[in-house]
Amino acid sequence: MKHKSWLCLLLCALLVLELSACTGRSFQSKKQIAVIVKSQNSEFWQTVKKGVTAAATEYNVSVTFEGPQNEEDYTAQNQMIENAVSRGVDAIVLSAIDYDRCASAVTSAAQRGVKVVAIDSTVRSSAVNMFIGTDNVAAGETAAQAAVQSVPTGQNIAIGIINCDGATENGQRREEGFKNYIKNVENAEVVAVLNVDSSVESATSGAIHLLTNYPKINVLVGFNEFMTLGIGNAIEKLALGDKIHAVGFDSNIVSIGMLESGEMDALIVQNPFAIGYLGIQHAVDLIEGNATEMTVYTQASLITKENMFDEENQKLLFRFQ
């Protein structure tokens, strides 16, 4: 009887293997995807995480979500990439801190068979399989249009730009689009550009520096959530709300309040939930060999005090709650 039991178990095992071979499926654990972003210290990245979590549930994959303590620490981010490869992940979804200095880690990951999806900000590496995020050049052009429209007709437009680290790809593309538009506006000029650490404190100090040292500036522009908050803080601290116009990126409770009270004139609001969700969706496609697109652009909307209470814009502004 004992021998018959073992024989039954053996036959069952052989049957499972045969079925697996016939269907092309294997009875393995969930696919592993590492999501590595610039940091987790903003509403933007927390909303990306919500999109990641939703997609992971829908596509039945296992995900990790991590980022350095600050958005300048490319060394820590490279280590996270290497650690993910060592864990045997199937794909990495990455928002790169440094366009050049994160490239070798990405290339090395791809050489070991890991699929790479860039979200929000990419790297200088042909190993990146796909980019998902805002069309950053176009978003910069939209910011420039908003800056011009914020100044009363007939006035000269003198612009100060507060941008994040010059090595960060998305910030540079936004600045590129912005300048391309402004150079064709007769009464507008970019007076000064200041690159600062991607933090509210650094952006606030930088904006105060520009407003103090370049008194002709009447428009300030920032290209991410921290730059936006810093600009609004500087305008409030210097009591220049009635003199300085401001355009920023992204949204949270504070920047929405700045838009309503007048420190900010316009926000370019991205869709971080979609960026996170689509990052996982397309990573799964890559793993399964079903990917067809190389670039997927997500929505970026211009929000002003005049349209912020429109129903669709309310959904954009308050989706993180």
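Guide: Two strands count as paired if DSSP finds at least two bridges between them. In this predicted model, strand S1 (residues 32-36) and strand S3 (residues 91-94) are joined by 4 bridges and run in the parallel sense, and within that pairing Ile33 has Ala91 in S3 as its bridge partner.

Visitor: In what order do the strands of the open sheet with parallel pairing follow one another?

Guide: The order of these 6 strands is S2-S1-S3-S4-S5-S11, with strand S2 (62-66) and strand S11 (295-298) as the edge strands, each pairing on one side only. From one strand to the next, the twist averages 15 degrees.

Visitor: Which strands does helix H10 touch where it packs on the sheet?

Guide: Helix H10 (residues 272-287) touches S1, S2, S3, strand S4 (115-119), strand S5 (130-134) and S11, and its direction makes about 160 degrees with that of S4.

Visitor: Why is one side of strand S7 and of strand S12 left without a neighbour in the other sheet?

Guide: That open sheet of 6 strands has mixed pairing and the order S7-S6-S8-S9-S10-S12; strand S7 (188-195) and strand S12 (300-304) stand at its edges and have a single partner strand each, so one side of each lacks a neighbour there. Within this sheet, strand S6 (residues 157-163) and strand S8 (residues 219-222) run parallel and are joined by 4 bridges, with Ile159 opposite Val219 in S8.

Visitor: Which helix lies across S6, S8 and S12, among other strands?

Guide: Helix H5 (residues 136-150) does, lying also across strand S9 (245-249) and strand S10 (266-270), and running at about 160 degrees to S9.

Terms used:
Residues numbered from 1 in each chain as written. Predicted model: local features only at pLDDT ≥ 70, side-chain atom pairs only at ≥ 80, totals over all residues. Heavy atoms only, no water. Helix = DSSP H or I, 4+ residues; strand = E, 2+ residues; numbered from the N terminus. Contact = heavy atoms within 4.5 Å. Axes fitted to C-alpha atoms, helices over the stretch in contact; angles between N-to-C directions.
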